[in-house]
Amino acid sequence: MSKDCLFCRIAAREIPSEIVFENERIIAFRDINPAAPVHILVIPKEHIESVAHLEAEHEALMGEIVISIQKLAAQEKLDEGFRIVVNTGREGGQTISHLHFHLLGGRNLQWPPG
Ligand code: AMP
Ligand code: ZN
């Protein structure tokens with residue numbers, strides 16, 4: 001855990017958030033500034049900066065995150081569809097340097113994104 005990292009501190013429950021799922025490796029909580037009726041962030045508890053910082057040992061963890069998103073989408077009744085977004089790096093629009101998967105749904109999402 002990184003003491004200066006907002007999402008590590010959320011995972012450690014030092015900063016309050018609305019947690020919707022948690023296990024030993026993953027935690028999911030509602031985005032504080034939702035861009036859609038359902039907007040959940042799913043993160044590994046391990047401090048990994050971004051997709052660009054992944055290593056081979058993270059392969060199973062990434063699969064587990066996607067499967068957990070599938071379950072959250074069903075729980076949130078996103079039967080008509082949803083979107084997973086992983087902003088990466090400065091040009092990718094990443095503002096928090098702890099890998100996070102956005103789960104967005106509950107409205108018609110436009111394409112392409114800006
Ligand atoms: P990104 O731009 O991909 O790095 O996304 C960061 C996301 O974190 C944004 O959608 C923010 O609204 C969200 N966010 C920032 N602070 C918090 C917080 N304290 N609790 C929940 N979500 C947050
Ligand atoms: Zn972190």
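Q: Are Cys 5 and His 98 buried or exposed?
A: Both are buried. Buried stands for under 20% relative accessible area, so each of the two falls below that cut-off. Keep in mind that this is a predicted model.

Q: What makes Cys 5 and His 98 a pair that links distant parts of the chain?
A: Start with the metal: the zinc ion (ligand 2) is coordinated by Cys 5 (SG), Cys 8 (SG), His 47 (ND1) and His 98 (ND1), at 2.0 to 2.3 Å. Cys 5 sits in the segment before helix H1 (6-11), while His 98 is in the loop between strand E4 (82-85) and strand E5 (101-105), 93 residues apart. The donor spacing in sequence reads C-x2-C-x38-H-x50-H.

Q: Why is the arrangement around the zinc ion (ligand 2) called tetrahedral?
A: The four donor atoms subtend angles of 105 to 117°.

Q: How do you know that the end-to-end distance of helix H2 agrees with its number of residues?
A: H2 (residues 59-75) has 17 residues, and at 1.5 Å a residue these should span 24 Å. Its end C-alpha atoms are 25 Å apart, which agrees.

Q: What puts the buried residues of H2 on the same side?
A: They are Leu 61, Met 62, Ile 65, Ser 68, Ile 69, Leu 72 and Ala 73. Around the axis they cover an arc of only 140°, so they lie on the same side of H2.

Q: What do the buried residues of H2 pack against, and which exposed residues does the face turned away carry?
A: The buried ones pack against strand E1 (19-22), strand E2 (26-30), strand E3 (38-44), E4 and E5. The face turned away from the buried side carries the exposed residues Glu 59, Ala 60, Lys 71 and Ala 74. Just after H2, Lys 77 takes a positive phi of about 60°.

Q: What makes E1 and E2 a pair?
A: Three bridges join them, and they run antiparallel. Two strands pair if there are at least two bridges, so E1 and E2 qualify. Ile 19 stands opposite Phe 29 in E2, and a hairpin joins E1 to E2 through three residues.

Q: Why does Leu 109 count as partly exposed?
A: Its relative accessibility is 24%. Buried needs under 20% and exposed over 50%, so Leu 109 lands in between. Leu 109 is in the segment after E5, and, leaving aside its neighbours within four places in sequence, is in contact with Phe 82, Arg 83 and Leu 104.

Methods: Residues are numbered from 1 along each chain as its sequence is written. Chains are lettered from A and ligands numbered from 1 in the order in which they are written. This is a predicted model: local features need pLDDT of at least 70, side-chain atom pairs count only at pLDDT 80 or more; totals for chains, interfaces and linings use all residues. Side-chain values use heavy atoms; hydrogens and water are left out. Donors are N, O and S atoms within 2.8 Å of the metal (3.2 Å for Na, K and Ca); water is not among the atoms, so sites may look incomplete. Four donors count as tetrahedral if all angles lie between 85 and 135 degrees; four count as square planar and six as octahedral if opposite donors are over 155 degrees apart and all others between 65 and 115; anything else is irregular. Helices (H or I, at least four residues) and strands (E, at least two) are DSSP runs, numbered from the N terminus. Buried means under 20% relative accessible area, exposed over 50%, partly exposed in between (1.4 Å probe, protein chains only). Contact means heavy atoms within 4.5 Å. The expected span of a helix is 1.5 Å times one less than its number of residues. The arc is that of the directions from the helix axis to the C-beta atoms.
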